[in-house]
Amino acid sequence: MKILLTGTTGYIGQKTAEFLANSGHDIHSVVRKLPENVHLLNENKIKYYLLSQSSIKDIVFDVKPEIVVHIASKFLAVHNYDDIDDLISSNIIFPTQLLEAMCLAGVKNFINTGTSWQHYNSESYNPVNLYAATKQAFEDIIKYYTDTNKIKSITLKIYDSYGPQDNRGKLISLLDRLATSQEKLEMSPGQQKISLVHVNDICRAFHIAVDDIIERDLGYNIQYGLMNDEKISLMELVSVYESANNCNLNIIWGGREYREREVMYPAENLNTLPGWSPQISLLDGLKISNRS
């Protein structure tokens, strides 16, 4: 199946592109710049299109994909005034142009990526931050395109993620660094629960959604959460990490306060994607040897 992806220079986007390509799909990637390791990404399976050379409309008309998978986004846990234009442009304007281009080209199948942070305190909509608010704003725009029967859409909302070769500076890569350096790190009291999902399981979810969206009627619009039922506190997670890697981390619990609007428990109001559940256990996924 011919698939056009956005966000393939990011961690989850790159892993998803590779997974879908290795599953036999014809992958075309929209990027603002070529990934540094493009020569390692099996160039025969993934074709790249630079936005600096063509508009998103031209790319969609050129590729004529059967499905568009939109993973690209601008993520900021905390924003300042100067970030607003970039957040709006990346998370609302660009994907709206993508939807419009799809409609003009007759492309009907759209898989979107959201965040559990749209659902602070498990509410139907309560954004943790401005980033989450922009993701919700784009979902409202998707509703216009599905309600007018121009497309069909599935949104996959990601919780906490981790996996091999993860250079995003996320929690698990931070623990990897501490395990090696033995430096001290001040953290919050550590009672907040998180729902960690391995990137391979996230890739499988996109694969399932690709198969599912083809069978749906125009106007279809649904959202799913990619969560792990094995919710665990930050303090418990560190203990599992230490057990998995036979190490001790030098963490000062309570060394800093919880941040404003800290997510103390993952959103529980989202349905799980049918046919999907995490397969990689935390104990296995947290072993450094499995992520090297």
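**Reading burial, contacts and helix span**

Q: Where does Ser289 lie in this model?
A: Ser289 is in the segment after helix 8 (282-285). The model is a predicted one.

Q: Is Ser289 buried or exposed, and why?
A: The cut-off for exposed is over 50% relative accessible area. Ser289 counts as exposed because its relative accessibility is 58%.

Q: How far apart are Ser289 and Val263, in sequence and in space?
A: Compare the two separations for the pair. Ser289 and Val263 are 26 residues apart in sequence, and their C-alpha atoms are 30 Å apart in space. For Thr115 and Ser73, the sequence separation is 42 residues and the C-alpha to C-alpha distance is 11 Å.

Q: Where is Thr115 found, and is Thr115 buried or exposed?
A: Thr115 belongs to strand 5, which covers residues 109-115. A residue is called buried under 20% relative accessible area; Thr115 has 6%, so Thr115 counts as buried.

Q: Which residues is Thr115 in contact with, leaving aside neighbours within four places in sequence?
A: They are Tyr131, Ala132, Lys135, Lys157 and Ile158.

Q: Which residues form a nonpolar patch on the surface?
A: Tyr81, Ile84, Ile88 and Ile93 do, and together they have about 390 Å² of accessible area. Of these, Ile88 is found in helix 3 (residues 84-105). Its relative accessible area is 30%, so Ile88 is partly exposed, as that class lies between the cut-offs of 20% and 50%.

Q: Which residues of helix 6 are buried?
A: The buried residues are Val199, Asp201, Ile202, Cys203, Arg204, Ala205, Phe206, Ala209, Val210 and Ile213. The list includes Asp201 and Arg204.

Definitions and conventions: Residues are numbered from 1 along each chain as its sequence is written. This is a predicted model: local features need pLDDT of at least 70, side-chain atom pairs count only at pLDDT 80 or more; totals for chains, interfaces and linings use all residues. Side-chain values use heavy atoms; hydrogens and water are left out. Helices (H or I, at least four residues) and strands (E, at least two) are DSSP runs, numbered from the N terminus. Buried means under 20% relative accessible area, exposed over 50%, partly exposed in between (1.4 Å probe, protein chains only). Contact means heavy atoms within 4.5 Å. Patches are made of residues with over 30% relative accessible area and no salt bridge: like charges are joined within 9 Å, nonpolar side chains (Val, Leu, Ile, Met, Phe, Trp, Tyr) within 5 Å. Accessible areas come from the Shrake-Rupley method with a 1.4 Å probe; for residues, only the protein chains shown count as cover. A salt bridge is a side-chain nitrogen of Lys or Arg within 4 Å of a carboxyl oxygen of Asp or Glu.
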